[in-house]
Number of protein chains: 2
Amino acid sequence: MQNELLLKVAKIRGDTSVKEWVYQSLCELLLTGEFTPGMSITLRGIAEAFEVSPMPVRETVQRLVSEGALELTETRRICVAEINEDKFDEIFHARVSLEPKLASSALPSIDDKALKQIIDVDERLMRSIVEGDVEEYVRYNRQFHFLIYHHSPSVVLLPMVNSLWLQFSPFMRVVVGRVGTQVMMDHHESVIESISENDAQGLQKALYNNIFNRMIIVKDEIFSHDTPT
Amino acid sequence: MQNELLLKVAKIRGDTSVKEWVYQSLCELLLTGEFTPGMSITLRGIAEAFEVSPMPVRETVQRLVSEGALELTETRRICVAEINEDKFDEIFHARVSLEPKLASSALPSIDDKALKQIIDVDERLMRSIVEGDVEEYVRYNRQFHFLIYHHSPSVVLLPMVNSLWLQFSPFMRVVVGRVGTQVMMDHHESVIESISENDAQGLQKALYNNIFNRMIIVKDEIFSHDTPT
DNA sequence: TAATAAAATTTGTGATCACATTTTTAGTTT
DNA sequence: AAACTAAAAATGTGATCACAAATTTTATTA
């Protein structure tokens, strides 16, 4: 593990506490899929890699265990959460229940500049699919969603959605790598149109469909073929 | 704070880690409303009250902050989460989205013995309302719900619902004390009937209605009157 | 050589310490 | 009595230590 991880995360900023920096860094590694499902991590390993004491790492790991992103084994070791079909179905339900609502609560705060950013990210997302660039796909897909959600004043749904993404992103990175970007072709036109027209109901429906269809594709590709994860 | 808190939580059991015991104990204090919204707590205070070192308390508090049950103030002090109307609305949406689905996933595992327990708790809940016993109301209302949910094999929705209950229970305890048990009259007949008939759709609908109506009452009683919390 | 046992190392956990920041208390001034 | 200031205490944070349990490595035996 060593210092390789340090190269993959942003440097700590002036007034950021060590604990918060470790948290954000671990989140990044989970969301990008650098941490893969089932991967074992250790407190001292992370502390050493990030060149900090184990204390902030311990508290951070507790947070991530609480958020379902990390799991404790029977022998109290720590590993990255794995996703089976039942868990996938639960995440599926939670996503389609919470994300559309979250997006509509973000709508009032999405101005023209933000919309332009969202459109820009969507174009990059499309390009990543065409070019078969898995890392880019994962990054821009997440950015597309969170450029919207982060405009919401939410203090309940947003953390819940965050924890869902922490839980399934390592798995999704593996999935997209396995099935290819092409099958994940994403149609965001109606999402973007609803945003530009300030249509909250339309946005909820568009995003519901978008999430539903993406998740169905994964479910079909990974679990219906009885492919081992 | 001192040792009063110790008297209000279960003793630690043999193979329970200190950290887990502290977590369960703090959860209990939140769920019963012993910890009230906005209440300040300190790591050393809890450690002293529970007669443990601050270490397990720190890790536990991180979990609870992550779960939204505790919050950090601007000056990095720790307090019990408060609920304003926006937050209440978010919790409302999350509850009606997740709890019915969770209940239906519990249904296959609810046998006659469990159903009998649920009916028993419902009767105690009714009695608490009639007798105006706020503590009992809070306890049996929670038990009613979780006797159902804990039969679910859920690993995603159940922790999410748990964290929702941790977030709003201190608030609800205050609410019920303020408005009285009578206004919280709860009709669980259709919930129980759906369970006894093994009717998953009916259970989802009954529970949705139950939660919806309870939350609407609170919203009306507390926020429409502009009563300060 | 393979299996087993013992030793060494790793790992998570709880305890303790020191430090920077925040809050409270005590003393002084108006 | 109210306001202000300084000192003391409290608080969260990061660092470090020691211990029990789990895992890995090494040595011994069949």
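This tour of a predicted model visits a pair of packed helices in chain B and then the contact between chain B and chain A.

**First stop: two helices of chain B**

Select residues 85–106 of chain B, which form helix α5, and then residues 157–179 of chain B, which form helix α8. Two packed helices are described by the angle between their axes and the distance between the axes. Here the angle is about 140°, and the axes lie 10 Å apart. Angles over 145 degrees would count as roughly antiparallel; α5(B) and α8(B) are therefore oblique to each other. The crossing of α5(B) past α8(B) is left-handed.

Next, display the side chains where the helices meet. On α5(B), select residues including B:F88, B:I91, B:A94, B:L98 and B:L102. On α8(B), the residues in contact include B:L158, B:V161, B:L164, B:W165 and B:F168. Classified by residue type, this contact of α5(B) with α8(B) comprises 13 nonpolar, one polar and four charged residues.

**Second stop: chain B against chain A**

Now show both chains. The size of an interface is often given as the accessible area lost when the parts come together. Between chain B and chain A, about 2,400 Å² is buried, and carbon and sulfur atoms give 58% of that area. Select B:Q62, B:E90 and B:V156: these residues supply 25% of the area that chain B buries against chain A, more than any other three residues. The contact draws 27 residues from chain B and 27 residues from chain A.

**Last stop: a salt bridge**

How many salt bridges are counted between chain B and chain A? The count is two. To view one, select B:R58 and A:E59, which form a salt bridge whose closest N and O atoms are 2.6 Å apart.

Technical notes. Residues are numbered from 1 along each chain as its sequence is written. Chains are lettered from A and ligands numbered from 1 in the order in which they are written. This is a predicted model: local features need pLDDT of at least 70, side-chain atom pairs count only at pLDDT 80 or more; totals for chains, interfaces and linings use all residues. Side-chain values use heavy atoms; hydrogens and water are left out. Axes are lines fitted to C-alpha atoms, for helices over the stretch in contact, and angles run from 0 to 180 degrees between N-to-C directions. Helices (H or I, at least four residues) and strands (E, at least two) are DSSP runs, numbered from the N terminus. Angles under 35 degrees count as roughly parallel, over 145 as roughly antiparallel, 65 to 115 as roughly perpendicular and the rest as oblique. A crossing is left-handed if the near helix is turned anticlockwise from the far one by less than a right angle, and right-handed if clockwise. Contact means heavy atoms within 4.5 Å. Ala, Val, Leu, Ile, Met, Phe, Trp, Tyr, Cys and Pro count as nonpolar, Asp, Glu, Lys and Arg as charged, and the others, Gly among them, as polar. Buried area is the accessible area (1.4 Å probe) that two parts lose on being put together, summed over both. A salt bridge is a side-chain nitrogen of Lys or Arg within 4 Å of a carboxyl oxygen of Asp or Glu.
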